[in-house]
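Dear colleague,

Please find below the structure that I am handing over to you. I would be grateful if you could look through it before reading my notes.

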Amino acid sequence: MSLFNNTLPEIHNKLHQKEISVSDLVGHALETIGAREDKIRAYITVDEEQARASARQLDDQLISGEERGLLFGLPVGIKDNIVTEGLRTTCGSQFLKNFDPVYDATVVSKLRAAQTVTLGKMNMDEFAMGGSNENSSFFPARNPWDLERVPGGSSGGSAAAVAAGEAYFTLGSDTGGSIRQPASYCGVVGLKPTYGLVSRFGLVAFASSLDQIGPITKNVQDSAYVLQAIAGYDQKDSTSAKVDIPDYLNALTGDVKGLRIAVPKEYLGEGVDPQVKEKVLDALKTLEGLGAVWEEVSLPHTEYAVATYYLLASSEASSNLARFDGVRYGVRSDNPDNLLDLYHQSRTQGFGPEVKRRIMLGTYALSSGYYDAYYLKAQKVRTLIKQDFDRVFEQYDVIIGPTAPTTAFKIGSQVDDPLTMYLNDILTIPVSLAGVPAISIPCGLADGMPVGLQIIGKAFDESSVLRVAHAFEQNTEFHKQRPQL
């Protein structure tokens, strides 16, 4: 049996009772990576030498018998758009194929302080732009449940690694659903915290008003542990929120009696696969049986969310990615004619087609004469979407629906149809635009592929989101299902 089938407290106890060592955990992870990575391709970089060295150092500390935190010694993977000192960070792009950061992101520093072991950097869509991991400029990751299907994106490698047992947990980033959608496709737990709860310092920016780092884990309890370690104010991040961080583990009571659940009719309407809808309704019955009540509500501006998101996110991306010019870091064109040609050739050679598409869309939306018609109007619609959530949360504790309208699709089936690809995020994007927290947890299988249940909470009320997710998880077996590799 895989060591990673143990819960986090079980591994913690085994370590402290000397039944296993950190080197055993790391060795097991690296052995699994060696056996499965040719098929899954979840990692862009595996840092085996440093991981084994870190494990040996932590084993020496175990001998002292000093009490350690619950994340001590756990092998983890970091999405490749989160900078790691001395460990290559590519953002899945040829532009940064030679970029070795000189500092750690705040979340990485916090995990180092918790004494985890970094296994490597996770595969992703280039600069986090994509929903299938097919936009990685190195190679696409594959879904452990079916190697002919996508793992989702842009944190596809992060989700696939957890599902395949190649890391105990991973970090991803979520701009419009990039933690939750791959978690849904791969049958694992993915949490997008409230915007501002987790520091973005060291996260290579895609859309700064939307980007948020969060954990991908095997179960809800582990998600709470990781969030506890990475949440909190950071003066290095100007969008970091000064809020008290509760004990998220205390929220895992299993009690949802009297909980008021809102179910948006737009989330179970046209475009949602009937089997996905059936699994979500079954999940609501489970929660109802635990004492919760649910009612249908409306989030009327949902239909405008995808268009709003792609205007805003692409506009921010066109600004953020202007720094990649061939001068400061990243690849540089050989033998340019002049400075302008250096910019042009470096960006032409370094960026992939999806990144170029979004830069062009964003630049157009921000250009003179079009700003008011597109970008400004999209900001106004974003406010309306947020107000939809505010009104529902005046009467309800959480909002529940599917994470994605379908299960994972075949590799290559949508790569030439970007509009269809964009619509896969129709149920996650509104949450990102509103800046509220949400978690995706497994709620069953449809034709052998995982279905994700999305639980959405009020701003900075991750405790309620985790409480509901944990209560559901404890009364089902879906989170224990694993792909057969």
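The notes below describe the chain as a whole and then one residue in particular.

Please bear in mind that this is a predicted model. The protein chain contains 15 helices and 11 strands. Its C-alpha atoms fill a box of roughly 65 × 55 × 45 Å along the principal axes. A compact globule of 485 residues would have a radius of gyration near 23 Å, and the 21 Å found for the protein chain therefore agrees with that expectation.

Of the 485 residues, 60% count as buried. Where contacts join residues at least 6 apart in sequence, 75% of them link residues at least 24 apart. The accessible surface of the chain comes to about 18,500 Å², and carbon and sulfur atoms account for 48% of that area. As for charge, there are 45 positive and 59 negative side chains, with the centres of the two sets lying 2 Å apart.

I also examined threonine 403, which is located in the loop between strand S9 (398-402) and helix H13 (418-423). Threonine 403 counts as buried because its relative accessibility is 0%, under the 20% cut-off. Its side chain makes a polar contact of 2.9 Å with the side chain of serine 440. Leaving aside residues up to four places away in sequence, threonine 403 touches Arg180, Gln181, Ser184, Leu427, Thr428, Ser440, Gly452, Leu453 and Gln454.

With kind regards

Terms used
Residues are numbered from 1 along each chain as its sequence is written. This is a predicted model: local features need pLDDT of at least 70, side-chain atom pairs count only at pLDDT 80 or more; totals for chains, interfaces and linings use all residues. Side-chain values use heavy atoms; hydrogens and water are left out. Helices (H or I, at least four residues) and strands (E, at least two) are DSSP runs, numbered from the N terminus. The radius of gyration is taken over C-alpha atoms; the globule rule is 2.2 Å times the number of residues to the power 0.38. Buried means under 20% relative accessible area, exposed over 50%, partly exposed in between (1.4 Å probe, protein chains only). Contact means heavy atoms within 4.5 Å. Accessible areas come from the Shrake-Rupley method with a 1.4 Å probe; for residues, only the protein chains shown count as cover. Lys and Arg count as positive and Asp and Glu as negative; His and the chain ends are not counted. The place of a charge is taken as NZ of Lys, CZ of Arg, CG of Asp or CD of Glu. A polar contact is a pair of N or O atoms within 3.5 Å; within protein, one must be able to donate a hydrogen and the other to accept it, and residues adjacent in sequence count only if both atoms are side-chain atoms.
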